[in-house]
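Here's a quick briefing to read alongside the model. Have the viewer open and click along as you go.

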Amino acid sequence: MKKIIFVLLSIALIVVGLSACAPAPEGPQIEISGVWGRPSPMKAGNGAVYMLISNTGSEDDKLISAYADVAEVVELHDMTMEDDIMKMFHVEYMEVPAGGSVELKPGSKHIMFIGLFEKLEVGQIFSVELEFEKAGKMTVDVEVKEAE
Ligand SMILES: [Cu+2]
């Protein structure tokens, strides 16, 4: 009996040891957190969604598109300061480097909604589908709230 317990214990230790020193998973490994969207008081107005996209994998990836059924157009945007004026512009993709992350936040990168079908109110939750070049599509829930 003691021997069996010892064997089981050894296997358990090996399993724990293997998972502890496992290399980063092959390919990109996308993790998304802190997803939120600004309230938008006007119907047919615009909205923006923010989040942190991390890549714990071994390969770079790119966010190449976003889709949500709350607006006519959904685009990837970034912002820049020109002559003291914040300007936003459309980007083809957002890079998510292996072992790194990209933060979508106010005044910076965001997912832009143009022509909302309904206003976005605090407490509302809706989903956005994100498409990555390598990791493919994933859907996240967006919580509408005021900026912190
Ligand atoms: Cu924008």
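This is a predicted model: local features need pLDDT of at least 70, side-chain atom pairs count only at pLDDT 80 or more; totals for chains, interfaces and linings use all residues.

Buried means under 20% relative accessible area, exposed means over 50%, and partly exposed is in between, with a 1.4 Å probe and protein chains only. Residues are numbered from 1 along each chain as its sequence is written, and side-chain values use heavy atoms, with hydrogens and water left out.

**Copper site**

- The copper ion gets its protein donors from His77 (ND1), Met88 (SD), His110 (NE2) and Met112 (SD), at 2.1 to 2.2 Å.
- Donors here are N, O and S atoms within 2.8 Å of the metal (3.2 Å for Na, K and Ca); water is not among the atoms, so sites may look incomplete.
- The angles between the four donor atoms run from 106 to 115 degrees, which makes the arrangement tetrahedral (for four donors, all angles must lie between 85 and 135 degrees).
- Along the sequence, the donor residues follow the spacing H-x10-M-x21-H-x1-M.
- Met88 sits in strand β5 (residues 85-90) and Met112 in strand β8 (residues 110-116), so this pair, 24 residues apart, links distant parts of the chain.
- Strands are DSSP runs of E with at least two residues, numbered from the N terminus.
- Met88 counts as partly exposed, because its relative accessibility is 41%.

**Largest pocket**

- A pocket is an open set of points on a 1 Å grid over the protein atoms alone, where a 1.4 Å probe fits and protein lies on both sides within 12 Å along at least five of seven lines; lining residues have an atom within 4 Å of a point.
- The largest pocket comes out at about 160 Å³.
- Its lining has 13 residues, with Gly34, Trp36, Tyr50, Glu103 and Glu148 nearest the centre.
- β1 (30-37), β2 (46-55) and β7 (101-104) each give two or more residues to that lining.
- By residue class, the lining divides into seven nonpolar, two polar (Gly counts here) and four charged.

**Strands β2 and β7**

- β2 and β7 pair in the antiparallel sense over four bridges (pairing takes at least two DSSP bridges).
- Ile53 stands opposite Val102 in β7.
- Val102 and Leu104 form the covered face of β7, while Ser101 and Glu103 form the uncovered one.
- Asn46 belongs to strand β2 and is partly exposed at 43% relative accessible area.

How values were computed. Four donors count as tetrahedral if all angles lie between 85 and 135 degrees; four count as square planar and six as octahedral if opposite donors are over 155 degrees apart and all others between 65 and 115; anything else is irregular. Grid points are joined across faces, edges and corners, and a volume is the space filled by probe spheres set on the points.
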